[in-house]
Amino acid sequence: MAHLSAATHAPHEAVHLIEDAESGLKGVIAIHSTALGPAAGGCRLWHYADDAAMLADALRLARGMSYKNALAGLPFGGGKAVIRMPAALAGRARLFAAFGRAVAALDGAYVTAEDVGTTTADMAEVRARTRFVAGLPARPGQAGGDPSPWTALGVFVAMEAAARSLARGPSGLSGLRVAVQGVGQVGAALCALLHEAGAKLVVADADAARAAAVAARFGASTVPPEAIIAADADIFAPCALGGTLDRDGIAALNARLVCGAANNQLATPEDGARLAERGILYAPDYVANAGGIINVAAEYLGEAADAVEARVRAIGPRMALILARAAECGATPAEVADAMAEAVMAEGKVGLNRTGIAA
C-alpha cells in the first residue's frame, strides 16, 4: 500500500507526499482548491533533480489547474500529481498500481489523468484501483482517450484570437512564422494545425530525431533547443516544460506574440510585466492549453464526444475577451486572467454562456 503523509503549503488546501518502496513510487499529490468541485489535474512522471524540485512543480501545477478549470467553466477545482522517475523502474504497471492506491485513499478529493510522461495505459492501471481517474482509452461515442489533440486545438484557436488582437483586426495565421518549442504529442499536433493554416514553422526538441521527423512532415526548419526562443519568428509557442519565460529568455525573444501549450510559462509573476515592457503580447498559458482538461472532464462526467469540440473552440473567444480587457485597463493579460479565475473561484460556482466564457 502506498503511504501518504500530509504537509502544509498555504494557500494549497492539502499536499500529500506519496511513497511505496516496493514499486519505487515517490511523489506528491497537491490539491490547491476544491471551491468548484474535486481537484482535477493530470499525473506527471519526470526526472526531478531532487524532492524539492518535485514539490515545487506539484505546487505550481496544482495552482495552475485551479485557474485553468475555473476559466474553462468546469465543475472542478485544481490539483496535480507528480512522480519522481525512479532510478531503477521495476515496472510501470507496479508503479501506477501503487499510485492508483494513493489516489483511492483520497476518496474523491483528487481526480487524476494523463500528463507529461504518462499514458492512457498508465491510467488504465490506475483505474483498476480507483474510479477517480480519466484519460482512459475512448469508448465509442464517449469523450476520452489521448487529450493531446484537444490541447493542441485549444492552443491553435487561442493563437488565432491573439494574432487577430495583435493585428487589431481580422487576420489569420497564414504566412506567419511560428517557433514551436517541443514537438511531443501536443507540439506535433499543433504543428499539423498550423501547417494546414499556412503558417511557416521552425521547431526544436530535446529529441533531435523527433524534431527532424516533424520538420520533414510539415516542411519546417529546425534549430537547436537552446536557440528556439531567439528564433526569427512572429509567434513563439512553448510546448515543452514551463519556466521558459524568465528574465533572460524574455530578453532573447524576437517574436511579437507568445502562445503555447506548456504550463507555467512565466518563471515569475513579474515576467508578465517584462513581456509587456518589450511590447510582446502574452496569451496566458492556462487559458490557451485548457483543451486537454476539457476533454478529461467530459470523459469523467460521462459526456458524449461531440460535447468536447465546441467547448475547446470557445477558448478562442475567451482569449480574445481577456486580451481586450487587458488592453482596455492597462493590465497584463496574465493579471486579467488571474483576476477572472479568482472571481469564479470566490463565487464558488461556474457557468458557461453561449461562447463558453466562464460567467
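## The cavity

A cavity is a set of grid points where a 1.4 Å probe fits but cannot get out. This predicted model holds one cavity of 30 Å³ or more. The largest cavity has a volume of about 50 Å³.

Its lining is made up of Ala40, Gly41, Phe76, Val111, Thr112, Ala113, Ile293, Val296, Ala297 and Tyr300. Helix α10, residues 291-300, gives the most to this lining, with four residues. Sorted by class, the lining residues are eight nonpolar and two polar, with no charged ones.

## Helix α8

Helix α8 spans residues 270-277, and its buried residues are Asp271, Gly272 and Leu275. These residues lie on the same side of α8, because they cover an arc of only 110° around the axis. Among the elements that cover them are α7 (247-252), β12 (257-258) and β13 (281-282).

Glycine 279 follows α8 and has a positive phi, near 75°.

Most residues other than glycine have a negative phi. Aspartate 107 has a positive value, near 55°, and is not a glycine. Aspartate 107 sits in the loop between α2 (92-105) and β7 (110-111). Its relative accessibility is 63%, and exposed means over 50%, so aspartate 107 counts as exposed.

Asparagine 264, also not a glycine, has a positive phi of about 55°. This residue belongs to the loop between β12 and α8. Is asparagine 264 buried or exposed? The cut-off for buried is under 20% relative accessible area. Asparagine 264 has 16% relative accessibility and therefore counts as buried.

How values were computed: Residues numbered from 1 in each chain as written. Predicted model: local features only at pLDDT ≥ 70, side-chain atom pairs only at ≥ 80, totals over all residues. Heavy atoms only, no water. 1 Å grid on protein atoms, 1.4 Å probe; cavity = no way out; pocket = protein on both sides within 12 Å on 5 of 7 lines; lining within 4 Å. Points joined across faces, edges and corners; volume = space filled by probe spheres on them. Helix = DSSP H or I, 4+ residues; strand = E, 2+ residues; numbered from the N terminus. Nonpolar A, V, L, I, M, F, W, Y, C, P; charged D, E, K, R; others polar. Buried < 20%, exposed > 50% of the residue type's maximum accessible area, 1.4 Å probe, protein only. Arc of directions from axis to C-beta. Contact = heavy atoms within 4.5 Å.
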